[in-house]
Amino acid sequence: MAATSLRDCKAWQDVGMALSTTSNEACKLFDATLYQYVTWTNDKTMGGIEGCLQKMKAADPNFVMGHVISNGLDLIGTGRSPLLDKEFERDLKVMSDLAKTQPLTEREKLHVAALETFAKGNLPKAADTWDLILQDHPLDLLAIKLAHDSYFYLGQKTQMRDSISRILPYWTPNTPLSSYVKGMYSFGLLETNFYDQALKVAKEALATDQKDCWSVHTVAHVYEMKADVEEGLSFVKQTENNWKGGDMLACHVYWHWALYFIEKGEYEAAMTLYDEYCAHVLYEREHAGRRGQFISAPRLQMEGVDVDKRWDKLVQVTKKHRDDHILMFNDLHFLMSSLGSKDREMTTQLLQALKELSKSPGENYQHSLIRDSSVSRSLSQALVEFDSGNYDKVVELMQPIRYQILHIGGSDAQRDLFNQVLIHAAINSNKKSHQNLARSLLIERDVLRPNSPLTQRLMRKASAVHTLV
């Protein structure tokens, strides 16, 4: 994005989204930060996201929407908890205090309210607030993206799709970043199982901008969900130079690439991708909130692959976020890392903390899930039982809640890990009813993902262990 196209005070006012600052520089840097957030880039020519945020605050320390986007990125990144991080808590208070002393627009007030709500853990209400903004301001890209990401965390697939569908007609091809909005819509279509339509919309977006990481991500997901491995491998290989500059999301696309190799049974290739393109990003930047890049480890272990010391390195990152408890999805993957590394102390502390959080969740939606739903408790205990080889217990815990797992958030491809845990447990169980369940689940999987090499391997394993046909 050229510096000359960044919007100043008047430009923001002209599109009906006036910003309460007199600093043209602050407005332009807000635009630059928003651009990088939406495009998943850390553009060095702009100074990167952190550089833009610092210069924006220097240009106008009292710019409320500057504080909104800064705090919003930290909250949506799930790497900092306002309940534990006192500096972050102060940052949020500064935003709220400034909002009370300035004549903000109604749109700006709603943005502040949404972040305050999100910080308390009430993600559904925050997402609803951003959608409320979009009713009057369908071009508000910050509201669009924050709502989109929130619905993703909540596992609310239909809302994620429909939130974009309602504003899509207002985004013409001439509107800057319109292809990225189309890319977000493609992901909502994908997650609601409109695979062909999702692929069509994503490729339309990519025809406008080949570097659109989110649309690349959609295409990678479609091929994964359809077990169309060769098409998926061909796509990511041919387009790699276009999307590899996409900062954290590029790492996630490499994770999808690794999934194709796991699907084919090419485990060494999968681990090489992890080591070269995912591990260093996770360890060096400590993006604990971005879990996707390490979900391949338990999948490999279930396939009988030794992941060596990778768990030991990973747990050094996740342990620092053990007490965050921002998303249940995160906590479950932190638990996997403690189990994988045999860190019994961390495992015990995580399980105990989840039990305590369920007693008084307040507004926190994720904590109320632990209290009001058996999903969180059952999944966390099932992972412990699986690690201990208590497969009968795993099936008893997971089978009743398998259709509720989407409430932990994430994508179908990410949550498929839990489907695989249940299948492996059922295969290894000594109970005839569980063995029959394994057969049924594999037939179901084969119908939904025809010609899946992974499914075929699991069927052969089931037949070998229990003479299932």
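**Exercise 1.** Which residues does A126 touch, not counting residues up to four places away in sequence?

*Solution.* Begin with the place of A126, which is in helix 7 (residues 123-136); helices here are DSSP runs of H or I with at least four residues, numbered from the N terminus. Next, take contact to mean heavy atoms within 4.5 Å; with residues up to four places away in sequence left out, A126 touches A114, T117 and F118. Finally, A126 counts as buried because its relative accessibility is 0%, where buried means under 20% relative accessible area, exposed over 50% and partly exposed in between (1.4 Å probe, protein chains only).

*Basis of the values.* This is a predicted model, in which local features need pLDDT of at least 70 and side-chain atom pairs count only at pLDDT 80 or more, while totals for chains, interfaces and linings use all residues. Residues are numbered from 1 along each chain as its sequence is written, and side-chain values use heavy atoms, with hydrogens and water left out.

**Exercise 2.** Work out how the rings of W12 and F30 are arranged, and which parts the pair ties together.

*Solution.* Rings of Phe, Tyr and Trp (its six-membered ring) pair if their centres lie within 6.5 Å, and planes under 30 degrees apart count as stacked, over 60 as edge-to-face and the rest as tilted. The structure holds 13 aromatic pairs. In the pair of W12 and F30 the ring centres are 5.5 Å apart and the planes stand at 75 degrees, so the pair is edge-to-face. Because W12 lies in helix 1 (residues 9-14) and F30 in helix 2 (residues 24-39), the pair ties together parts that are 18 residues apart in sequence. Both W12 and F30 are buried.

**Exercise 3.** What does S338 touch, not counting residues up to four places away in sequence?

*Solution.* S338 is placed in helix 18 (residues 328-340) and is buried, with a relative accessible area of 0%. With residues up to four places away in sequence not counted, S338 touches V315, D343, M346, T347 and L350. For S338 and V315, the separation is 23 residues in sequence and 6.1 Å in space, C-alpha to C-alpha.

Technical notes. Helices (H or I, at least four residues) and strands (E, at least two) are DSSP runs, numbered from the N terminus.
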